[in-house]
Amino acid sequence: MKVNVDILIHGGGLAGLACAAALRDAPWKVGLIEPRPQRGHEGEWDARVYAYTPAAVALLERLDVWQRLDPARWCAVDRIEVHGDAGGTLSFSAYEAGLSRLAVIAEQSLVRDALWETVRRQRNVTLLTGEGKAGQALVSETETLTVVCRDGSRVRTRLLIGADGRQSWVREQAGLPARVVPYHQQGIVANFAVSQPHRHVARQWFRDDGVLAFLPLPGNRVSIVWSAPQPQAEALLALDEAAFARRVEAASGGVLGAMTTITPRQAFPLSLLRCPQVVRPRVALIGDAAHGIHPLSGHGINLGFNDVAVLGEVLCALPPEADPGALPVLSRYARRRAEEPWLMQTATDALARLFSLRRPEVRQLRNVGMRLVDRLPFVKEAMVRYAAFGDFFVQESR
């Protein structure tokens, strides 16, 4: 089978699907390769949840995706509390920053299903799904690229967008270098029912055994992410469900009372991924294919959505006769997306390494620093707005 499209997206995760949706008004044929079977949302709670910034929610609203979500399945974050390992505290408030909310917590599968429902109805999108559709070889021609799939089918395109994650096949085939630095940690995620209301507060603790975060879910539920060094992660994963819940309770100081697991634990290795070059002629990378950060900021998914917003804007602004895969076009995207991922990667990497140091003088200094920042409202507001929108100067009316 041979398919010809103008733009081909390889990878049907959140960034890939959002990219296809963002091109709904583009004057070109769009193809989407999704090698993994679609996972439906069947009412059970998904252990993988994300904190979506106001900018990400606004993008999904523009794409008519957010409106498809059941409001009983997502939860707004009004406040964030961060606790150091020696008494340092730092808090962020939506009200103090002049925002309606700091973020929204929603399940990965919930948003993914809504994106699928939107994309599959687009007239300019051809869906190529199934394990056999994964790329096997990339053939370069004068003005096009051809992806040879594992089932032997061929897809010719003028622009190939890699949205296929940290182990990106597109990035490797295109010869775009990536530097991966392992943290020798695992991120352990699970959802819990709690006996005390979370009051729409997200919480984070920097501890000797890693970084523990609580993300509020609808009702008396929370999702946790425990980024733990490998030995501690293995010990946590070896506990039974009840013992693990008691360990999480103790690590959080019992702030939400008794906790009961409602999803099995999942774990994934943590690493920093930097790509000095995210475009070349006829190829662009977005999402985790382009950058990977430590989850302590909760911002990784939002970097991908910001990639989508910018790339979609650049491409949709082109006239129909333009070449979407031309390097000058893709360079506009790369220039506009150079700053935010670098800043987020640098900041989260520095924090992860700073809190891994155990010397008493360093411990005291970093906790004093947290308390100092907490007393500087203008600094906190700037931090919140940059995290929320990728821009210090954007305003939102209450």
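Helix 9 has four residues listed as buried: Val329, Leu330, Ser331 and Tyr333. What sits over them? The cover includes strand 13 (159-162), strand 20, strand 21 and helix 8. Keep in mind that this is a predicted model.

**Helix 8 against helix 9**

Let's take the helical part of that cover. Helix 8 spans residues 300-316 and helix 9 spans residues 327-336; they pack at an angle of about 150°, and their axes are 9 Å apart. Angles over 145 degrees count as roughly antiparallel, and helix 8 and helix 9 are therefore roughly antiparallel to each other. The crossing of helix 8 past helix 9 is right-handed.

Which residues make the contact? From helix 8 come Asp307, Val310, Leu311, Glu313, Val314 and Leu315, and they meet Val329, Arg332, Tyr333 and Arg336 of helix 9. By type, the residues of this contact split into six nonpolar and four charged, with no polar ones. Val329 and Tyr333 turn up here as part of the contact, and they are also among the buried residues of helix 9.

Arg282 has a positive phi although it is a residue other than glycine. His200 is not a glycine either, and its phi is positive too. Here they are side by side:

| Residue | Phi | Loop | Relative accessible area |
|---|---|---|---|
| His200 | about 60° | between strand 14 (179-194) and strand 15 (201-207) | 33% |

Elsewhere in the chain, three strands make an open antiparallel sheet, in the order 4-8-5. Strand 4 (49-52) and strand 5 (75-77) are its edges, each pairing on one side only. From one strand to the next, the twist averages 30°.

How many bridges join strand 5 to strand 8? There are three, and the two strands run antiparallel, with strand 8 covering residues 103-107. Within strand 8, Ile105 is the bridge partner of Cys75. Helix 4 (residues 108-119) packs on this sheet, where it touches strand 4 and strand 8, and its direction makes about 85° with that of strand 8.

Conventions: Residues are numbered from 1 along each chain as its sequence is written. This is a predicted model: local features need pLDDT of at least 70, side-chain atom pairs count only at pLDDT 80 or more; totals for chains, interfaces and linings use all residues. Side-chain values use heavy atoms; hydrogens and water are left out. Axes are lines fitted to C-alpha atoms, for helices over the stretch in contact, and angles run from 0 to 180 degrees between N-to-C directions. Angles under 35 degrees count as roughly parallel, over 145 as roughly antiparallel, 65 to 115 as roughly perpendicular and the rest as oblique. A crossing is left-handed if the near helix is turned anticlockwise from the far one by less than a right angle, and right-handed if clockwise. Contact means heavy atoms within 4.5 Å. Ala, Val, Leu, Ile, Met, Phe, Trp, Tyr, Cys and Pro count as nonpolar, Asp, Glu, Lys and Arg as charged, and the others, Gly among them, as polar. Buried means under 20% relative accessible area, exposed over 50%, partly exposed in between (1.4 Å probe, protein chains only). Two strands pair if DSSP finds at least two bridges between them.
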